[in-house]
Amino acid sequence: MSNIVIISGSPAVVSRSSAISKLVKDVLVTNGNKVEEIAVRNLPAEDLLYANFNSPAIQQAKALVEQADGVIIVSPVYKASYPGVLKAFLDLIPEKGLANKVVLPIATAGTIAHLLALEYAFKPLFSVLGTRDVTDGVYIVDSQVAYTEHELTFVDIEVEQRLGDAITQLQVRLQQKEAQASR
Ligand SMILES: Cc1cc2nc3c(=O)[nH]c(=O)nc-3n(C[C@H](O)[C@H](O)[C@H](O)COP(=O)(O)O)c2cc1C
């Protein structure tokens, strides 16, 4: 069993990436992992805007990240990068706050044109936060899923498969690290 935290980066109430967070969480919980979720949109807006490091809600969310072995960032692509609200939260994480953690990025986007945002925007951010262990990211274009407020299903079976493979890869990597640590 691994401790995993999912950080949902969308500011939207009705959100594809949040629906994907829920799917991912369900799979991980079914597989016996302990999973927490941080929806950045639910953190106090003023604390994010003014970088209030002492905010109890922010401290609580940071503690969840600190305790996790694996971190999954599920976020929409905004302006060929990540949404400002996600960055506002990650700015409050200590320097090297993702060190020794395995990170899986999952992005949803309107167009395939910004696929490389995972490489040039998301990955440098994880790197500066100290992780060297980023598993293969998943990029999901809106047209590859059917989404209503209540349900998300995959139109593109290949992307569903890629998401499943990415979850498996994360779990295997976490198990390898646990085995190494107990030697
Ligand atoms: C303000 C804003 C900016 C966006 N910028 C991009 C973009 O640069 N590239 C892209 O592919 N999609 C872009 N999109 C589309 C979203 O990434 C896409 O619809 C995503 O699935 C939304 O996720 P959410 O429903 O979880 O918020 C943008 C959407 C919004 C609202």
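Me: How many residues are between E7 and E8 in the hairpin they form?
Reply: There are 2 residues between E7 and E8 in that hairpin. A word on the model: it is predicted, with local features needing pLDDT of at least 70 and side-chain atom pairs pLDDT 80 or more, while totals for chains, interfaces and linings use all residues. Residues are numbered from 1 along each chain as its sequence is written, and side-chain values use heavy atoms, leaving out hydrogens and water.

Me: What makes E7 and E8 a pair of strands?
Reply: Pairing takes at least two DSSP bridges, and 4 bridges join E7 (residues 145-148) to E8 (residues 151-154). The two strands run antiparallel, and Val145 has Phe154 of E8 as its bridge partner. Strands here are DSSP runs of at least two residues (E), and helices are runs of at least four (H or I), numbered from the N terminus.

Me: Why is H1 called oblique to H6?
Reply: Helix H1 (residues 16-30) and helix H6 (residues 157-181) pack at about 50°, with axes 11 Å apart. Angles under 35 degrees count as roughly parallel, 65 to 115 as roughly perpendicular, over 145 as roughly antiparallel, and the rest as oblique, so H1 is oblique to H6.

Me: Which residues of H1 and H6 make the contact?
Reply: With contact meaning heavy atoms within 4.5 Å, H1 contributes Ile20, Val24, Val27 and Leu28, and H6 contributes Leu163, Ile167 and Gln171.

Technical notes: Axes are lines fitted to C-alpha atoms, for helices over the stretch in contact, and angles run from 0 to 180 degrees between N-to-C directions.
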